[in-house]
Amino acid sequence: MNRRRLLLRAAALSAAATPSLLPPLLPSAQAAPARASRAKAGPPSRDEVTEAVTRAADHWISAHADPGNNQWARATFFSGLMALHRVTGQARHLAYARSWAEKHDYALHDGVSTRHADDHNAGQAYLDLYEAEGSRDEAKIAAIEESLHRMTFTDRPDKNDDWWWDDALHMAMPPFARIAVLRGEPAYADKLYRLYTHTKSAQGGPGLLDPGTGLWYRDDRFLPGGIASPGGKPVLWSRGNGWVAGGHVKTLKALAGGAAHTREYRTTLARLLAGVRAVQRDDGFWNVNLADPGHLPGPETSGTAFFTYATAYALRAGLVPPRYGDVVARAWRGLVTTALHPDGFLGYVQGVGDRPESSQPVTYETTSDFAVGAFLLAGAELLTR
């Protein structure tokens, strides 16, 4: 078995593991190390995007005859694969996603009594399959609906501190929003907002959102006075902010424009994207620490893919001005020319972790399922009209 296959196998195994106030970032702190010219990159063509994401999806599938577990990392891949299927209609991608869901009987890791956001992530792909296959087989979404129903109505419905880390917003915001709309039951959306508000504005005292930058701390260990970079700067983890961005996008896609709290979700997403735009590298990527370009600098794919996805959506939805198109084009070009191998292997991925130091070093030969899913989400968004 060659080294790349060994890495893919290791990535699949590792996915089972569960992952004074800061002032605004100043221009001098935002500047990335000098690289290629920051000249505007033209937007990729539809054919170019389709080819790149199809190559990445097919490579992952060919290397994983067993579609894997139903935990958060693999579920993120299937969320991306189903997004790609919605815009390209490839039957083999739908079949592979169905085989994964059926392997797990459309169940949740740790069962319907779980309150853990990571366990709810699989529900996103189950809902995608429920919608894509037309039959509306209620068994496909019974587990995710039951679990959210318990949290909303019967299992300590006033407990709103479950989402203590920012990744949780991607894993669990979208299922709550989608069940609320599917069942016409605003109580799910209200519960979502209470959980979200705790994470944003109360977790650890001030909440995980930094009001000065619009960026988010991964969890309360990184709040001011806590963990800092070796250079004494804040730690605002790239992929953690990517999870937050992705969660907002999926939630806004689910909710009607005039639904309660959508204005806040839109504004919060736009502020986050302004913060990441300010620290984008010249090669289109983002470093693992958005607040310290000297902290383990280098291209990193998972955060970059999520920011590409979120910015492409925000442009299409009118949440950010047209100049953000350059952010998307530069990021996409970086991903496909630097991280995507000719055979579809996606490199420069930071593996499972919770901070910049996790799963280092990040190289051309490091990958993981959730990052491929984020790349597919980004490409699918670029293809969405």
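Asp354 sits in the loop that runs between helix 14 (325-339) and helix 15 (369-383), and it's a handy place to start looking around. Keep in mind that this is a predicted model. The protein chain has 15 helices and 0 strands, and 58% of its 385 residues count as buried. Its accessible surface comes to about 14100 Å², with 54% of that belonging to carbon and sulfur atoms.

- Asp354 counts as buried because its relative accessibility is 16%, and the cut-off for buried is under 20%.
- Look around Asp354 and you'll find that it touches Arg218, Arg221, Phe222 and Trp237, leaving aside residues up to four places away in sequence.
- With one of these, Arg221, the side chain of Asp354 makes a polar contact of 2.8 Å.
- Tyr348 is also found in the loop between helix 14 and helix 15, and its phi is near 55°, a positive value in a residue other than glycine.
- Pro361 belongs to the loop between helix 14 and helix 15 too, and a cis peptide bond, with omega about 0°, joins Gln360 to Pro361.

**Helix 5 and what it packs against**

- Helix 5 covers residues 91-103, which makes 13 residues, and it reaches 18 Å from its first C-alpha to its last, close to the 18 Å expected at 1.5 Å a residue.
- The buried residues here are His93, Leu94, Tyr96, Ala97, Trp100 and Ala101.
- Viewed down the axis of helix 5, those buried residues fall within an arc of 165°, so they line one face of the helix.
- Their packing partners are helix 3 (46-63), helix 4 (72-88) and helix 7 (122-132).
- Just after helix 5 comes Asp105, which takes a positive phi of about 55°.

**Leu296, in another loop**

- You'll spot Leu296 in the loop between helix 12 (262-277) and helix 13 (301-317).
- Leu296 isn't a glycine, yet it has a positive phi of about 50°.
- Leu296 counts as partly exposed because its relative accessibility is 33%, which lies between the 20% and 50% cut-offs.

**Asp190, on helix 10**

- Asp190 lies in helix 10, which takes in residues 186-201.
- At 35% relative accessibility, Asp190 counts as partly exposed.
- Asp190 and His261 are 71 residues apart along the chain, while their C-alpha atoms are separated by 9.0 Å.

Notes. Residues are numbered from 1 along each chain as its sequence is written. This is a predicted model: local features need pLDDT of at least 70, side-chain atom pairs count only at pLDDT 80 or more; totals for chains, interfaces and linings use all residues. Side-chain values use heavy atoms; hydrogens and water are left out. Helices (H or I, at least four residues) and strands (E, at least two) are DSSP runs, numbered from the N terminus. Buried means under 20% relative accessible area, exposed over 50%, partly exposed in between (1.4 Å probe, protein chains only). The expected span of a helix is 1.5 Å times one less than its number of residues. The arc is that of the directions from the helix axis to the C-beta atoms. Contact means heavy atoms within 4.5 Å. Accessible areas come from the Shrake-Rupley method with a 1.4 Å probe; for residues, only the protein chains shown count as cover. A polar contact is a pair of N or O atoms within 3.5 Å; within protein, one must be able to donate a hydrogen and the other to accept it, and residues adjacent in sequence count only if both atoms are side-chain atoms.
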